[in-house]
Amino acid sequence: QVQLVESGGGTVQSGGSLRLSCTASGFMLTYAIAWIRQAPGKKREGISCISSSKTYYADSVKGRFTASRDNAQNVVYLQMNNLKVDDTADYYCATSRTFNCDDDFNYDYWGQGTQVTVAP
């Protein structure tokens with residue numbers, strides 16, 4: 001059974017850091033893995049995708065967020081630094097078990113999400 005589980009969310013003050021984890025089960029996490037967030041009342045936003053050939057970041061997080069992977073542990077991370085109030089959202093990891101990132105962030109498998117709250 002394919003499953004993704006996010007963890008590491010929480011509440012942090014503006015300027016702080018968090019590291020999210022996306023752990024896979026049922027398959028090896030060697031495929032492209034995307035991070036998507038959704039803030040209350042806002043559209044879903046694709047913020048990062050890590051594949052074997054490239055890592056993509058949305059302008060809203062570029063220079064502050066870093067995606068990485070540990071294939072041995074079957075985990076993908078999203079290091080989030082210099083967090084802002086606007087980063088408050090539910091964060092999801094997703095994949096379609098392909099090696100390329102989807103430009104539209106349409107993926108077949110999603111985790112349940114982890115909540116990030118950034119206080120002023």
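Biologist: Is Arg37 buried or exposed?

Modeller: This is a predicted model. Arg37 has a relative accessibility of 6%. The cut-off for buried is under 20%. Therefore Arg37 counts as buried.

Biologist: Which residue forms a salt bridge with Arg37?

Modeller: The closest N and O atoms of the pair are 2.8 Å apart. A salt bridge needs such atoms within 4 Å.

Biologist: How many salt bridges does a search of the whole structure find?

Modeller: Side chains of opposite charge can pair when their charged atoms come close. The search of the whole structure gives a count of four.

Biologist: How many residues apart are Arg64 and Asp87?

Modeller: Arg64 sits in the loop between strands S6 and S7, and Asp87 in the loop between S8 and S9. The pair links distant parts of the chain, and the separation is 23 residues.

Biologist: Are Asp59 and Lys62 buried or exposed?

Modeller: Their side chains meet in a salt bridge at 3.2 Å, N to O. Asp59 has a relative accessible area of 67%. Lys62 has 51%. The cut-off for exposed is over 50%, so both Asp59 and Lys62 are exposed.

Biologist: Which cysteine forms a disulfide with Cys22?

Modeller: Cys22 lies in strand S3, and its partner lies in strand S9, 71 residues apart. Their sulfur atoms are 2.1 Å apart. The link is right-handed, with 75 degrees about the S-S bond. The partner is Cys93.

Biologist: What parts does the disulfide of Cys49 and Cys101 tie together, and how many residues apart are they?

Modeller: The sulfur atoms of Cys49 and Cys101 are 1.9 Å apart. Cys49 is buried, and so is Cys101. Cys49 lies in strand S5 and Cys101 in the loop between S9 and S10, so the tie joins parts separated in sequence by 52 residues.

Biologist: What pattern do the disulfides follow?

Modeller: The count comes to two disulfides. Bonded cysteines are counted along the chain. The pattern is 1-3, 2-4.

Biologist: Which residue's backbone nitrogen does the side chain of Ser96 reach?

Modeller: Ser96 is in the loop between S9 and S10. It is buried, at 17% relative accessible area. Its side chain reaches that nitrogen at 3.1 Å. The residue is Asp108.

Definitions and conventions
Residues are numbered from 1 along each chain as its sequence is written. This is a predicted model: local features need pLDDT of at least 70, side-chain atom pairs count only at pLDDT 80 or more; totals for chains, interfaces and linings use all residues. Side-chain values use heavy atoms; hydrogens and water are left out. A disulfide is a pair of cysteine sulfur atoms within 2.5 Å. Helices (H or I, at least four residues) and strands (E, at least two) are DSSP runs, numbered from the N terminus. Buried means under 20% relative accessible area, exposed over 50%, partly exposed in between (1.4 Å probe, protein chains only). A polar contact is a pair of N or O atoms within 3.5 Å; within protein, one must be able to donate a hydrogen and the other to accept it, and residues adjacent in sequence count only if both atoms are side-chain atoms.
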